[in-house]
Amino acid sequence: MFTLDEINTEVDNYIKNTQKTIPYIQKVIYGTTYPSGLVRFSDLEKQEYKLYLNSDNDKHPIKYRKSILWHEFTHIYDFINCKDISERKYFMASVSEINASEIQHRYLTDIGMSDYITIRTPIYFEGQTIQYMRNLFFHFEMIKSGIAKYEETKLPKHFEVTLNYAMYACGAVKLLKGGNLYFLQSIKDIAEPYKTILTKIINDLYSNNGKHIPLLYCNLATRQKIGNMKAFIDKYATATKK
Ligand SMILES: [Zn+2]
């Protein structure tokens, strides 16, 4: 498990490589119930920079564990730099997940912040080193199985997790030249309305730098006008009522 000192050494590396300045982490909390890494908005709002890490991360190689830190550091950077407070919740759930995924993948594949990889570039994924193409395949499989699961249960949490997978995939394809085309090819068989909205999201990411993505993300949440979605909508939707 990383000590606070080791984490803050990684903060220095992160700033040096990404040119994204973030504050030092003040506290690290380990637990078995957290996702691999987590920052809480309630902490960040108070300018408390705490990092929650899953203690099982130790089963992964050190480089992968550090990539989790880079992912979370990106969320901290985005939270601080998101100027539109009313949009923040959507921004963090959408654009910031894309950014965090992209930077995590850049760190894992050892390319700089603007270079491209190929589909054969090796990358560590869930206990093994695989070609990048395979890594992307797994990402899109998770979107598809997430949609199937949500269609079966209609539980907001399954919908939310699926959207999360989609944002990770958006970030992961950004390392490839023509990543948007790869994305569109990969979702060509998924059901509506997911296909149309994900198409809009990836197109906006490539043509407008993701300017409209928080709103598209919100629309995707609110158009599911079914009872069970209420909790999800309440959680995310108030931000756009300007
Ligand atoms: Zn994240």
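**Note on a two-domain predicted model**

1. The protein chain is assigned domain 1 (1–81) and domain 2 (85–242), with bounds from an automatic or database domain assignment. This is a predicted model: local features need pLDDT of at least 70, side-chain atom pairs count only at pLDDT 80 or more, and totals for chains, interfaces and linings use all residues. Residues are numbered from 1 along each chain as its sequence is written.

2. The C-alpha centres of domain 1 and domain 2 are 21 Å apart. Their contact involves 13 residues from domain 1 and ten residues from domain 2; two residues are in contact if their C-beta atoms, placed from the backbone, lie within 7 Å. On the domain 1 side, α1 (4–18) and α3 (62–81) each give two or more residues, and α3 has the largest share, nine residues. Helices here are DSSP runs of H or I, at least four residues, and strands are runs of E, at least two, numbered from the N terminus.

3. The largest nonpolar core has 54 residues, and F73, A166, A169, C170 and Y217 have the most contacts inside it. Such a core is a set of buried Ala, Val, Leu, Ile, Met, Phe, Trp, Tyr and Cys residues joined through C-beta atoms within 7 Å. A residue is buried if 20 or more other C-beta atoms, placed from the backbone, lie within 10 Å of its own. Helix α7 (residues 156–173) supplies the largest share of this core, ten residues. Both domain 1 (1–81) and domain 2 (85–242) give residues to this core, so it lies between them.

4. Leaving aside residues up to four places away in sequence, C170 touches I98, F183, I201, I202 and L205.

5. Strand β1 (residues 27–31) is hardly covered: the count of buried residues among its five residues is zero.

How values were computed
Buried ≥ 20, exposed ≤ 12 C-beta atoms within 10 Å, placed from the backbone.
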